[in-house]
Amino acid sequence: MSGKTGKTTANTLLEAVRESLFRAGRYDPGSAVPPAAILWTDADGQWEPLVSQLRLLMPELLTLGEYNPKERTGPAIWLRCVIERLLPDVELPEKTIPIIYMPNVNRQLLRAGEECPDSLKPLVELQYRGTVWTQRNGKDWTVEAFLVSEDGLGLDVAKDRETRQAMLRALSQLAVTPISRLRGKRLEAEDFDRLMIADTPRELLLWLSDPVHAREKWGYERWAAFCSRCRDEYGFDPEGEGELVAAEKLGMRETEVWQTLWKRYTESPALYPGIPNLLRRAKPARLIFDKEPWPDENETEENSLRQSLLELESLSSGEARKKIEELEKIHGTRRDWVWARLGQSPLAEALQHLVTLARKTAQGLGGDSPKAMADLYTEGGYLADEAVLKAISSVKSAEDARAIKAVLRSIYLPWLEDTARRFQDLVAGNPLPDKNQTAIMANPGQCLLFVDGLRFDIARRLVVLAEERQLRVTTGWRWAGLPTVTATAKPAVSPIAEKLSGDLPGEDFLPMIREGNLPLTTDRFRKLLSKAGYQVFNSSETGTPGEPSARGWTELGEFDRLGHALQTRLAPRIDEQLELVLDRIQALLDAGWKQVRVITDHGWLLVPGGLPAMKLPKYLTESRWMRCAAISPGARVDVPTAGWYWNTYQHFAFAPGVSCFINGNEYAHGGVSLQECLIPDLTFSSDSILAPLPVSIKEIQWLGMRCRVTVDAGSNEVTADLRTKPNEANSSITTPRQVDSRGRAGLLVADDSLEGTVVSLVLLDPAGRVIAKQTTTVGGED
């Protein structure tokens, strides 16, 4: 497999390459194992000047070359041992994917089979167990390609030879130049040459970050020139005064030139990792009024904020909310300090979400019916739940997590309890789900995507992400089947719900198939969907949307599984899971589905430190779940009950408020609360929706590097293309051609190095959607 990239949000080329490499290793932990390694092939060795700089930011970066473990460089067999973690002297950071930079090696050489040099053969199989950092068209990233591509920096760079040479000469300097300084103009040789000429602020910051190494690297002549420039531009002599004096001047910012240098530092502070510690050592003993430049002042403020948050657990909810507002006035400005960008102000970051929580929970949710409460919740009440997840995600250390827990148990837990009890009281007189709720059925051309445990608040995040990708989203909500466990609630939102019924809840709350009175298993569920006319396919497939009246069912999502496994540690995993869901939606739309309707079974509760526990004697139940229980025949329980979705004459027990029947759960569902019962119903579509054209591929014939295609199409508005990734137009290796009136098209692959590459022949409709595809080998099979 090869790594797909996307538009960067980095500030420098160095950071953009790091970000792109991270994205290349992205995977779905629910359906795939991590790539064994990310291979970085560089046929001309263009990237070598940047690799040593990049290694400071990425200790997992290894290099193919002569054995030099201090520089994390070695031959192929040594690299294999390192990534398999067989060498205790060479440590890789935990939970990182090793990256192997391979100068003067191209990808085709790795794929040459027996012709591959023996020195590289230990790495060959990693291209199958791992991923390769490539462009969308499958080619190696060159420096020029990364600068101009929209998947890289998207810069305007001249194409002449002089510019290319100057660009490579200046790569070390280019790597750390803020991208903002390169945008808005056409970059030519002169612009890159200018980077080689004195950029005193950058060199001064590099020296401050690592004074000894910088001086050794520069040599005498460059060091002397550097000192001269500092004397002229900053009134400071590095040779005579040293780095501590310079760091004090940087922190004090008493003149315009030092203020400008500080601004330059704050643009990309990660590039100068040694400066924070230097500022600690250089801080003057006199009274400091401007605390922002001094990292130890920020640490002191974080410690003070942590202690203040811990003390909130002993206060009433109202007092705690008032204190949160006071703390925001003191600490909110620190989110604009450079230390927040470096991840050194996690509690200040979390505080903004705690303020949202305090304001959203200041009053309980009103409403005189479940529907009225739901309307208030969907109009803004859900933001309290979202704020909780974001506050938890803002911190990493155990001591910071304890501070967040103290606040949430003081402010959020009482509000959650009150809201749940009010909702339960209303449900007692207005049973759920609403009898007017329509069944879920797919329209022709629509694919149903089931995502387990997609709670309403995180579904709203998904909507925002989708709209950023220019997708149209229709939002709605519905009630989950009760109890809110997958066994009951998933079939309730499926198109085969009408074929199911219930007799007794049993231990598992599973419905029965009306015809034959058989319990609903996973296999029977899928067969019923197929019998109802639905294409049922797994998470790596897209079905055949071009079929007449096509309807699809597929599943994705790890929210509920991760919640049970990780408890509150689910919170920082939510964004990555949402990206995977959105990628899946995009892939289904790109494959030709007119719409993707996202449905789910239930929501959940999540409170750090655990939900309250209560006892329900075992002898009264057939089974006890976290928030619900199947009642034994003839037994009477002293907890609320509700009718089972599949047979409302059969009642189940549920825990009052947000309590659990099982102790020690921070994450739970199965009960009756807005967070568990109100579920999103979202429909996604692209901007261009056209009826798919009937078409099929009849023949593919290769004559050298020219591909002749014959298709059976009812229209000549069909275009043929060859791609390394069928659903990505940027992966094309040829010039797309429209099929002629005889159903034929000729495609030339100009790059001889692609011979033998397995690609996809795709047929496209006028909107650019893939309506047919077939794999083929460039140049033909041997």
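Colleague: Is K291 buried, partly exposed or exposed?

Modeller: This is a predicted model, to start with. K291 is partly exposed, because its relative accessible area is 33%.

Colleague: Which residue forms a salt bridge with K291?

Modeller: The general idea comes first. Side chains of opposite charge can pair when their charged atoms come close. Here K291 pairs with E301, and the closest N and O atoms are 3.7 Å apart. The pair links distant parts of the chain: E301 is in helix α16, K291 in the loop between α15 and α16, 10 residues apart. E301 is buried, at 17% relative accessible area.

Colleague: What does E297 pair with?

Modeller: E297 forms a salt bridge with K283, with 2.4 Å between the closest N and O atoms. E297 lies in helix α16 (residues 295-310) and K283 in the loop between α15 (275-282) and α16, so the pair ties together parts 14 residues apart in sequence. E297 is buried at 14%, while K283 is partly exposed at 24%.

Colleague: Where do R23 and E19 lie?

Modeller: Both lie in helix α1 (residues 13-24), 4 residues apart, about one turn of the helix.

Colleague: How many salt bridges does the structure hold?

Modeller: The structure holds 45. Some join up: R26, R469, E579 and D583 are linked in a network.

Colleague: And how many aromatic pairs?

Modeller: There are 35. One of them is F652 with F654, tilted, 6.2 Å centre to centre and 50° between the planes. F652 is buried, at 0% relative accessible area. F654 is buried too, at 4%.

Methods: Residues are numbered from 1 along each chain as its sequence is written. This is a predicted model: local features need pLDDT of at least 70, side-chain atom pairs count only at pLDDT 80 or more; totals for chains, interfaces and linings use all residues. Side-chain values use heavy atoms; hydrogens and water are left out. Rings of Phe, Tyr and Trp (its six-membered ring) pair if their centres lie within 6.5 Å; planes under 30 degrees apart count as stacked, over 60 as edge-to-face and the rest as tilted. Buried means under 20% relative accessible area, exposed over 50%, partly exposed in between (1.4 Å probe, protein chains only). A salt bridge is a side-chain nitrogen of Lys or Arg within 4 Å of a carboxyl oxygen of Asp or Glu. Helices (H or I, at least four residues) and strands (E, at least two) are DSSP runs, numbered from the N terminus.
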